[in-house]
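Have a look at the fold before reading on.

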Amino acid sequence: MLRYILKRILSALLVLFFVSLITFVVISVIPGDRAILALGIDATKESVEALRSSMGLDKPFFERYFSWLISALHFDLGVSDVYGERVGSLILSRLPVTFSLTLFSIFIASVLSALLALLCQMKKGKGLDGAIRGGVILISALPSFWISLVALIFFCGKLKWFPVNGYISPDKGFLPFLRSITLPSIILALGELSLLTRMFRSSLINSFNEDYMTACKVKGLGRVRSMVHYGLRSAIIAPITLIGNQAAKLFGGTVVVETIFSLPGIGRLLLVAVEQHDIPLLEGVVLFITTMVVVMNFLTDIFVAIADPLIRQSEGGVK
């Protein structure tokens, strides 16, 4: 198991290094000069060159890259051109919003998908099975911005079930905080419903066709007990990987929902960085999102290894 963890750590570090290099290259070739954007087009050539020199923009590419990478390793991502604050502080201030949104949405999607897949398995080949599969595909195909706008108008504006004034922090009350993230979390969860339901259903069908389920029937175990204690435990291994991957995707894919619902998360911070050509902020946010995706995938691999004894045995013979 230790050998498996070390291999995953090494691969994660390599991925982070290459992604950071690619990110720096891509952002470096974006049209526009930071010095001119800061001083304006009427600035003199001397003042522009002086500012470029103070920003280190006149240095060779790899010198700038390794300087930025070393600073990032010390959690120093520079200063935002737009906000005038440390990029790391801006990210940390927005992290609770996106983190709670991601966790809550993947929890809702996982629970709903598991329940729907269980119903599909119990009614396999019947009308309910087809209706559920068709329904989740249709729901997941709807654009998130359209669902968000309709939900905002209907549930927040007309019914007033949820607040329209954006995010409410937990220190102002847990219930107001929960109400402020429930609707956007549900909308994000709907986009993941189809893929997760199909994975859960496929895993359940494969698990329930195994010999140990037949043995449960022979021993006289009840259907519900055999499904929960044996079928579900075996079927959960494959969806764990998908849930981890979808959670990682959601962490960097909340821009639309955060913008429509006025949630001050990392997605909106990324949008501001792109719109305002804030290079330090853009580099910092992209690197942070990439790091979180890699970390989530790493944790997913570890959880899968813990749940599946075959992986532990293949990686060093630990049972």
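How many nonpolar, polar and charged residues are in the lining of the second largest pocket? The lining has 12 nonpolar, four polar and no charged residues, where Ala, Val, Leu, Ile, Met, Phe, Trp, Tyr, Cys and Pro count as nonpolar, Asp, Glu, Lys and Arg as charged, and the others, Gly among them, as polar. Before going further: this is a predicted model, with local features needing pLDDT of at least 70, side-chain atom pairs counted only at pLDDT 80 or more, and totals for chains, interfaces and linings using all residues. Residues are numbered from 1 along each chain as its sequence is written, and side-chain values use heavy atoms, leaving out hydrogens and water.

The volume of this pocket is about 520 Å³. Among its 16 lining residues, A72, L73, F75, L287 and T291 are the closest to the centre. Two or more lining residues come from each of α1 (2-28), α4 (61-73), α5 (87-122) and α14 (279-307). (A pocket here is an open set of points on a 1 Å grid over the protein atoms alone, where a 1.4 Å probe fits, with protein on both sides within 12 Å along at least five of seven lines; lining residues have an atom within 4 Å of a point. Points join across faces, edges and corners, and the volume is the space filled by probe spheres set on them. Helices are DSSP runs, H or I, of at least four residues, numbered from the N terminus.)

Now for the packing of α1 and α4: their axes come within 11 Å and cross at roughly 125 degrees, which makes α1 oblique to α4 (angles under 35 degrees are roughly parallel, over 145 roughly antiparallel, 65 to 115 roughly perpendicular, the rest oblique). Axes are lines fitted to C-alpha atoms over the stretch in contact, with angles from 0 to 180 degrees between N-to-C directions.
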